[in-house]
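Here's a quick briefing to read alongside the structure. Take a look at it first, then work through the points below.

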Amino acid sequence: MRRVAGAASLAFAVGLCGAAPAVDGPRSGAADMSAELQAMQRDDGANPGMLWVADGEALWRRPAGSRQRSCASCHGDATRSMRGVAARYPAYDAASRRPIDLRGRIEACRTRAQGQAPSRPESAEALALEAYVAHQSRGLPLAPPADPRLAPARARGEALFRQRIGQLDLSCAQCHEQHAGGRLGGSRIPQGHPNGYPLYRLEWQSLGSLQRRLRNCMTGVRAEPHDWGAPALIELELYLAQRARGLNVEAPAVRP
Amino acid sequence: MARALITAPRTAKRGEIIEIRTLIAHPMETGHRNDGQGRLLPRDIIRRLRCDYDGERVFEAELFPAIAANPYVVFTTVATASGTLSLRWEGDNGFAQTETVAITVT
Amino acid sequence: MTPRPSSIPRRRLLAAGAAAPLALCWRPAAADAAELEAAIRGFAGAAPVQAGRVTLDIAPLVENGNAVPVTVGVDSPMSAADHVKRIALFNERNPQREVAVFHLGPRAGRASVATRIRLASSQQLVALAELSDGSVWSRRVDVIVTLAACIE
């Protein structure tokens, strides 16, 4: 049969295929991709995300802002100083007294330490720096901090994960827990882990952040997406990191 | 200047066939897409990739809108002598970029 | 809470608008097939197009048509006397038939090129090779392209 079943059979397909067989521990979205995409991710000469990593490396060394300082002037060689950092985010930010994700942390450095103007969400520069820093944790397991100050926000994140939203009245858990491993359209439903971010999504034809993907999902179920940087998104990120603990960082991953 | 990543061996034996992998940042806007208001987004693509080995053309690719964003092109050439591989991308809106890699052939 | 039209983020509208033309550009299959044969004829000129000698590696089922890896190879000694001059890729159902034309020669050592292409829908892909003796060889592959379930 040449033609793949269309959208009309979406619900049928999801119901028919049901839940994934039980696996020990979380399963990366990479395992749900085709062999061709896995090869694209593994090969640094073919992975489009590495273009952003290369840009980030150049930005790391460039003096910027009213203070004309580079990231390197404080943090030195990123391959040493940033190793393991992305694996520990989101973390608790004492200065603002709330959880902060990697992008927020980089943004705080840019504005406070460098004296730069705030960057737009998903700006090329913000993504490049995030990709470069996250890449320094590639191959390391996600290790969310056990900081008790993060507990309330993480609990709110879990509640958001299980809350049904949007015109389609779906929660994250319904697709990414109950139906993970099943099919939606032609694609396998992943467990929805954050370990690859920021990643090159073929659908975007660009590198993008976890927040972009979360907002995509919300639009996908016809819900009003939270604003960029909203506390609800950080809380979700916090819960997702805990849920995925032990999975290796793959940044920059490739996903369909 | 667009970011470009070139993967090529630094050394090779004379007569060895070497693989050159090229990846360059570019949206490759097809000219067939509309924006949210229904207006056509104008075409903006890389149209040509050329490789010269010590000044002699050894490879050329004509690219069309069906080439994916951030074009990835892989080809081979015979390592003849130590020298420079020069890669040049050209496209719409005056896009032009040259990158070079050196190779030592023994 | 259902989104009010005035509050729908512009990015979503842009993405929706961008995705739409694939449906708006529907043409009868016969028109595409005729254009494909014309494009092949344009490449081959007077030479008859013979099936064989060309390998076209592409996944038979593709999760996202925005970047599909493809490798084309030709069985050829790539000598001065006997080599591949050009390799071309054409498609059946995209807005236009051409995908790429690669110019090789004896200095290539091997007739093998790889790239990533866009496929707007399930369709046939054709790889052609023009040899130094003027002969033209071809390989056709059918590819199924599925779309992302949750687009922006």
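Let's start with a turn in chain B: in the hairpin of β7(B) and β8(B), four residues sit between the strands, and B:N93 takes a positive phi near 55 degrees. Keep in mind that this is a predicted model, with an ipTM of 0.97 and a pTM of 0.89.

- Is β8(B) largely in the open or largely buried? Strand β8 of chain B spans residues 96-105, and one of its ten residues is buried, so the strand lies largely in the open.

- Six strands make up an open sheet with antiparallel pairing, in the order β1(B)-β3(B)-β6(B)-β7(C)-β4(C)-β2(C).
- At the edges you'll find β1 (4-7) of chain B and β2 (54-58) of chain C, each of which pairs on one side only.
- Going from one strand to the next, the twist averages 15 degrees.
- Where do the two chains join up in this sheet? Strand β6 (residues 72-78) of chain B and β7(C) run antiparallel and are joined by two bridges.
- B:V74 has C:A114 in β7(C) as its bridge partner.
- Within chain C, strand β4 (residues 68-74) and strand β7 (residues 111-117) pair in the antiparallel sense over seven bridges.
- In that pair, C:V68 stands opposite C:I117 of β7(C).

**Where chain C touches chain B**

- The contact between these chains takes in 31 residues of chain C and 25 residues of chain B.
- On the chain C side, α1 (10-19), β6 (98-103) and β7 each supply at least two residues.
- By class, the chain C residues that touch chain B come out as 16 nonpolar, nine polar and six charged.

**Chain C as a whole**

- Chain C has three helices and nine strands.
- Of its 152 residues, 38% count as buried.
- Among the contacts in chain C with a separation of 6 or more, 68% are between residues 24 or more positions apart.

- Helix α3 (residues 49-61) and helix α7 (residues 124-135) of chain A have axes that come within 7 Å and cross at roughly 95 degrees.
- That angle makes α3(A) roughly perpendicular to α7(A).
- Residues making this contact include A:W52, A:V53, A:L59 and A:W60 of α3(A), along with A:L127, A:A128, A:L129 and A:Y132 of α7(A).
- Sorted by class, the contact of α3(A) with α7(A) has nine nonpolar, three polar and three charged residues.
- Chain A also has an open sheet of three strands in the order β6-β5-β7, with mixed pairing.
- What about the edges of this sheet? They are β6 (206-208) and β7 (254-255) of chain A, and each has a single partner strand, so one side of each is left without a neighbour in the sheet.
- Strand β5 (residues 199-201) of chain A pairs with β7(A) in the parallel sense over two bridges, and A:Y200 stands opposite A:V254 in β7(A).

- Chain A averages a pLDDT of 92, with 91% of the residues scoring at least 70.
- Residues 1-21 of chain A stay under 50, and the model has 27 contacts for them beyond four places in sequence.
- Chain C averages a pLDDT of 86, and 80% of the residues score at least 70.
- Residues 1-24 of chain C have a pLDDT below 50, and this stretch has 28 contacts in the model beyond near neighbours in sequence.
- Where pLDDT is low, the predicted coordinates should not be read in detail.

Technical notes
Residues numbered from 1 in each chain as written. Chains lettered and ligands numbered in written order. Predicted model: local features only at pLDDT ≥ 70, side-chain atom pairs only at ≥ 80, totals over all residues. Buried ≥ 20, exposed ≤ 12 C-beta atoms within 10 Å, placed from the backbone. Pairing = 2+ DSSP bridges. pLDDT = per-residue confidence, 0-100. Contact = placed C-beta atoms within 7 Å. Axes fitted to C-alpha atoms, helices over the stretch in contact; angles between N-to-C directions. Parallel < 35°, antiparallel > 145°, perpendicular 65-115°, else oblique. Nonpolar A, V, L, I, M, F, W, Y, C, P; charged D, E, K, R; others polar.
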